[in-house]
Amino acid sequence: MVQLVPGIQPAETIAAFAAAGVIRAAAPFDADQIQPASLDLRLGARAYRVRASFLPGRGRSVRERLASLSLHEIDLTRGAVLETGCVYIAELQEALALPAGLAAAANPKSSTGRLDVFTRVIADRGREFDVIDAGYAGALFAEISPRTFPVLVRQGSRLSQLRFRHGACRLSDAELAALHEKERVVTSHEPSIQSGVAVSVDLSGFGERRLVGYRAKRHTGLVDVDRPGAYQASAFWEPLYAGEEGELILDPGQFYILASKEAVHVPPDYAAEMVPFDPLVGEFRVHYAGFFDPGFGHAGAGGAGARAVLEVRSRDVPFILEDGQIVGRLVYERMAGRPAVLYGAGAGSHYQAQGLKLSKHFVMDV
């Protein structure tokens with residue numbers, strides 16, 4: 001059995017979990033499936049169009065709920081288009097047999113969030129999305145709901161990622177302040193640290209044209225999630241530029257890609273996560289994909305100056321964002337061990353040293 005060390009488990013331990021049967025996969029892992037502090041989860045052979053999102057609840061399995069809620073079974077081995085406004089449940093190739101004391105948490109991958117594909121992981125008997133309790137043994141499923149673009153997925157597509165936690169990992173505000181003093185986790189001189197470090201939005205603009213972000217277009221073509229660099233950005237996105245007032249009005253139901261004013265730094269012995277949106281600061285949601293691996297924005301891994309890309313959707317009313325407004329908070333957690341390869345130091349790190357950047361699927365028009 002793998003010896004557990006308190007903290008977020010690094011890539012080497014995740015590989016050991018697979019060898020020990022803690023992670024049970026229907027097929028051998030892809031070469032780049034294990035990230036510095038997480039495991040990508042692969043879609044299985046079948047998905048189901050369902051009437052509504054659901055949690056199985058105590059004493060019930062996901063398959064028991066699917067028996068009454070499924071509208072149509074979909075074969076993913078040949079690829080399938082998932083339409084906007086619909087809810088799907090897909091089998092995942094990875095299952096778990098967690099020992100006592102080892103829990104897991106899921107989040108959409110960065111590229112998934114930047115496509116506005118709402119994705120959550122569900123476990124049998126689960127009463128929360130994206131939370132897998134310590135000691136859980138059983139299958140995993142993904143709820144998938146494209147919001148803006150229809151997407152083409154297939155068996156093996158990777159939309160979500162999983163982190164493994166043992167013991168108390170999260171830094172207190174005092175510990176986070178001390179880490180900032182030592183390592184400078186954001187470029188703010190005196191950042192607000194309260195249940196995490198504050199992240200604000202940059203509406204001053206990037207480059208000569210003062211680009212501040214992108215707004216997704218309606219009624220576009222589909223996006224194949226497994227084809228990076230395959231689509232012209234102008235066919236899917238409208239660029240937005242800084243205004244004289246330093247403001248941006250978020251339209252209800254629209255999806256935006258913006259960037260943080262601060263550069264973000266995750267030192268090698270830590271991982272970070274953007275916490276769920278606080279409704280007290282405005283009627284919008286920021287950042288579906290919340291994991292930041294060890295080494296993100298770290299100069300030693302080629303990431304100096306990396307911004308947090310913000311996936312923003314307004315709620316029911318128009319809302320005015322102002323330049324420098326706090327839009328989220330980053331919490332930091334201790335790693336159980338430093339991964340041998342940091343984010344950005346190996347293949348497959350698409351967003352190291354990023355500024356304002358769309359998902360890897362899009363190329364900018366010349």
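Select Asp202 and Lys261: they form a salt bridge (a side-chain nitrogen of Lys or Arg within 4 Å of a carboxyl oxygen of Asp or Glu), with the closest N and O atoms 3.5 Å apart. The pair ties together distant parts of the chain, 59 residues apart: Asp202 sits in the loop between strand 16 (197–200) and strand 17 (211–216), and Lys261 in strand 22 (residues 255–263). Helices (H or I, at least four residues) and strands (E, at least two) are DSSP runs, numbered from the N terminus. Asp202 is buried at a relative accessible area of 5%, while Lys261 is partly exposed at 29%. Here buried means under 20% relative accessible area, exposed over 50%, and partly exposed in between (1.4 Å probe, protein chains only).

A word on what you're looking at: this is a predicted model, where local features need pLDDT of at least 70, side-chain atom pairs count only at pLDDT 80 or more, and totals for chains, interfaces and linings use all residues. Residues are numbered from 1 along each chain as its sequence is written, and side-chain values use heavy atoms, leaving out hydrogens and water.

Next, pick Arg313 and Asp116. Their salt bridge has its closest N and O atoms 2.2 Å apart. Buried or exposed, Arg313? Arg313 is buried, with a relative accessible area of 13%, and Asp116 is buried at 0%.

Now jump to Arg154 and Asp226, whose side chains meet in a salt bridge at 2.6 Å, N to O. Arg154 is partly exposed at 25%, and Asp226 is partly exposed too, at 35%. If you'd rather see a network, select Asp30, Asp32, Asp40, Arg42, Glu94, Lys109 and Arg158, which are linked by salt bridges. The whole structure has 22 salt bridges.

Time for helix 2 (residues 62–69). Show Val62, Arg65, Leu66 and Leu69, which are buried. They lie on the same side of helix 2, because they cover an arc of only 105° around the axis (the arc of the directions from the helix axis to the C-beta atoms). An α-helix has 3.6 residues a turn, so residues three or four places apart point the same way.

Strand 7 pairs (DSSP finds at least two bridges) with strand 4 in the antiparallel sense over five bridges, where Ala47 is partnered with Ala90. Strand 7 also pairs with strand 13, again antiparallel, over four bridges; there, Ile89 is partnered with Glu143.

Of its 54 residues, Ile132, Phe164, Trp237 and Phe362 touch the most other members. Strand 4 supplies the largest share, four residues. Center on Ile132 and look for its contacts, including Leu96, Val121, Leu140 and Leu162. A second, separate core has 31 residues, including Leu179, Val201, Leu203 and Val212.

Note on methods:
Core = buried A, V, L, I, M, F, W, Y, C linked by side-chain atoms within 4.5 Å. Contact = heavy atoms within 4.5 Å.
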